[in-house]
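Colleague: Could we go through this structure together? I would like to start with some strand pairing.

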Amino acid sequence: MTKAHMKLSPCATRLLPVTAVLMMLSAVAGAAVPGITGPTFNLTAQPSYINQPDGQQVYSWGYGCSGAPTGFLPGAIAAANCPSMQIPGPTLIVNEGDTVTVNLTNGLPAAAGNTSILFPGFVVTSPSGSGVAGLLTQEAAPSGTVTYTFTAGSPGTRSYYSGTQGDLQVEMGLYGVIVVLPLPKNVPAACTTGIHAQNQVAQQPSAAHAGTEADFRLSQSAYDHSGSCYDREYMFQFSEMDANIHRQALAQVTALTGCTAGAPGCALQVATEPYHPSYFLINGRSMPDDMDGNYAAEYPHQPYNGNPHMHPGEEVLMRIVGQGRWQHPFHEHGNHVRILGRDGNMVLSASTISYAGASGAEQALAGPLLFTTTTTPGMAMDGIFYFTGRGLNWDMYGHNPASTTDPNAKLPCTPDANGYNTGAPTAINYFEWCQDHNKPLQAAPFGDLPTGGPATLPDANIVANGAWYSGSPYLGQDATTRATGPTSSFQPANIQANPAGERGWAFMWHSHNEREITTNNVFPGGMFMMMLVDSREFVIDESK
Ligand SMILES: [Cu+2]
């Protein structure tokens, strides 16, 4: 995609007025990649209702835990739980080489028939006598069980979903993700030393901020490869629902209550075509619900959120999974996403390269840089999102060497070999792009409101690159007061700061199919969230 595309994009213009509302909703919520640990998982498939922001309770089917799981990760999220039905299903977190066992109990209504789980990318076996034979895999009959075992051979993110009447059962919500982590001994040294170790130091108490940021990562690398280091991580599962299918299923299940599984007539006949989805979900929620916290009480069957945060300079691992039936063109504003691998398979070049901090040469990353990540049904992608502010052509922190009141206005920027201020990880402007240091946004503003108008339209730089901001083009709680330029319409007289404690930049991340940023045809909604780039003094707490 080109800049021309971005200028035409609705993301940058039509949606602007809702920004302040969204920012208020997303004041404290973080995300991370919450899940349950194994290597043995006792799951159940059950019906329940999920919440949508239009007030609807949608009858759905989901996987959940039958009994307490072995454990929860990341440990820093205290309120973790695993209900008996959730959408998406529990994220299964295992280690490379684990022998994984999944025991599935079919708790769906008898009329729904058998159910099952497929684990694409793994060689799955079922013990003799486990479940009943199905078309694609062994299945659990109504009230019955089935066991699957496989070896988690290599790291990466992969989907799992029902292998029984997928047009109905996946639509109803029977899908989830399994994350295979590299063994600690296989995490490359490059990921625990150098800039990545320094990025963790920057999250600890210092002059820049008083709070400690917990480490919410499941690992320090996505794969056994020095090119897959990361500083923060998120999971986004994309799916859509046709509410009419769910209404049909509920009506038939209700009419067939008490029928005997397998008896004549005890079977659903739900038409899954024509297909007209009305809900477009990220981790089972629509915007703005996806910006509430993980395990928020309002969504007892939708525990996972979609609300990414980061500090400039961090490498953010995104585990992007297409569920459901449609492909969703997901657009991460702010930068392209470097794809590391698909379905647990790294995309590598035949040529080799030595990554920073690595002990030797490795095959070079060869995944594409995607402006829009294509969430193909059933496919998982691991990618890195990165943002530093490089190339904006103004000082994102609003430094002002002429300031007489604010010591932060005079912070130094000393470029490293790459041009970034990385010498002092405890500085607010750690990772500043030094070429723009002290450069004001508008050196000579024209026609600003304080001088009597006419109103100045937003700077084309701000609008066209898709950056949104909490009332200020500057990053950091006091950045607007330290900024230069006394009369710009972006300057203190017109500041609107939402939320009060955060001056992050908000990048709109959304489906580029515009109908998919609605909820039941009402805009805004659906597949829509914000990536908040926060200044260092804002403590990112992924536990809320
Ligand atoms: Cu866009």
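Colleague: Which residue of β23 does R342 stand opposite?

Modeller: R342 stands opposite M381 in β23. The strands concerned are β17 (residues 337–342) and β23, which pair in the antiparallel sense over four bridges. Two strands pair if DSSP finds at least two bridges between them. Please note that this is a predicted model, in which local features need pLDDT of at least 70 and side-chain atom pairs count only at pLDDT 80 or more, while totals for chains, interfaces and linings use all residues. Residues are numbered from 1 along each chain as its sequence is written.

Colleague: And what counts as a strand?

Modeller: Strands (E, at least two residues) and helices (H or I, at least four residues) are DSSP runs, numbered from the N terminus. The protein chain has seven helices and 28 strands.

Colleague: Back to β23: how many bridges pair it with β15?

Modeller: Seven bridges pair β23 with β15 (residues 315–322), in the antiparallel sense. In that pairing, L317 stands opposite I384 of β23.

Colleague: Is β23 mostly covered or mostly open?

Modeller: Strand β23 (residues 380–386) is mostly covered, with six of its seven residues buried. A residue is buried if 20 or more other C-beta atoms lie within 10 Å of its own, exposed if 12 or fewer, and partly exposed in between; C-beta atoms are placed from the backbone. Of the 544 residues in the protein chain, 52% are buried.

Colleague: New topic: S239. Why does it count as buried?

Modeller: S239 counts as buried because it has 28 C-beta neighbours inside 10 Å. Its place is in strand β12 (residues 232–241).

Colleague: Which residues is S239 in contact with, leaving aside neighbours within four places in sequence?

Modeller: S239 is then in contact with Y175, L281, Q323 and G324. Contact requires the C-beta atoms of two residues, placed from the backbone, to lie within 7 Å. As for V321, which is 82 residues apart from S239 along the chain, the C-alpha atoms of the two are separated by 9.0 Å.

Colleague: What is the strand order in the open sheet of five strands?

Modeller: The order is β4-β1-β5-β11-β10, with mixed pairing. The edge strands, β4 (71–73) and β10 (156–161), each pair on one side only.

Colleague: How many bridges join β10 to β11?

Modeller: Six bridges join β10 to β11 (residues 175–181), and these strands run antiparallel. Y160 stands opposite G176 in β11.
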